[in-house]
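Please examine the fold below together with its sequence.

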Amino acid sequence: MYMHIQTVTLIETQKYLCSLAEEPKLRHVEKDVLIPKLMREKARVLCEDEVEAFSKCCQETGFLMVVKCQLENKALKKCLTSYYTDPAFYEECKTEYLKQREEYRRTGIGIKQKQQRLPTSM
């Protein structure tokens, strides 16, 4: 009877480990901070025209930008919000984050460190 309990526990443990391999666990900070940060960065690139128009308007009007740049601000918010609320975009960014995390865990080199490296051959 004792062997049976160990066998069931071993099978349950294997199922649990397989489920972990299929769906990686995300920490609270990853879900609520790091993935949304990646989403913001990507959305700003995808909404480049709106960001550029709003920035240009703000630079030209100075202190009156609150009043004068309402149309540009509204267009920018609409574009960014469309990406922030898109579940497919969240999953895309989540997948990209998980790849970056896996690369870091495998090599110990972060994305910023990779970008800062200089070529060694001259």
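Predicted model: local features only at pLDDT ≥ 70, side-chain atom pairs only at ≥ 80, totals over all residues.

Residues are numbered from 1 along each chain as its sequence is written, and side-chain values use heavy atoms, with hydrogens and water left out.

The partner of E96 is K42, with which it forms a salt bridge whose closest N and O atoms are 2.9 Å apart; the term denotes a side-chain nitrogen of Lys or Arg within 4 Å of a carboxyl oxygen of Asp or Glu. This pair links distant parts of the chain, since E96 belongs to helix α6 (residues 87–107) and K42 to helix α2 (residues 28–46), 54 residues apart. K42 counts as buried, at 19% relative accessibility.

The architecture around this pair is helical: the secondary structure comprises seven helices and zero strands. Helices (H or I, at least four residues) and strands (E, at least two) are DSSP runs, numbered from the N terminus. Buried residues account for 18% of the 122 residues in the protein. Among contacts between residues at least 6 apart in sequence, 69% join residues at least 24 apart, a contact being heavy atoms within 4.5 Å.

The interior can be described through its nonpolar cores, each a set of buried Ala, Val, Leu, Ile, Met, Phe, Trp, Tyr and Cys residues joined through side-chain atoms within 4.5 Å. The largest has eight residues, namely L26, I35, L38, M39, F89, C93, Y97 and L98. Helices α2 and α6 each supply at least two residues of this core, and the largest share, four residues, comes from α6. A second, separate core of six residues includes C47, L76, C79 and L80.

Beyond its neighbours within four places in sequence, F89 is in contact with M39, K42, A43, L46 and Y83. The structure holds one aromatic pair: Y83 and F89 are tilted, at 5.2 Å centre to centre and 55° between the planes. Rings of Phe, Tyr and Trp (its six-membered ring) pair if their centres lie within 6.5 Å, and planes under 30 degrees apart count as stacked, over 60 as edge-to-face and the rest as tilted. Y83 is partly exposed, at 24% relative accessible area.

The salt bridges number five by the rule given above. One of them joins R27 and E30 at 3.6 Å, N to O, and E30 is buried, with a relative accessible area of 0%. Another joins E103 and R106 at 2.5 Å, N to O; both residues lie in helix α6, three residues apart, about one turn of the helix. R106 is exposed, with a relative accessible area of 58%. Salt bridges that share partners join R27, E30 and R101 into one network.

Methods
Buried < 20%, exposed > 50% of the residue type's maximum accessible area, 1.4 Å probe, protein only.
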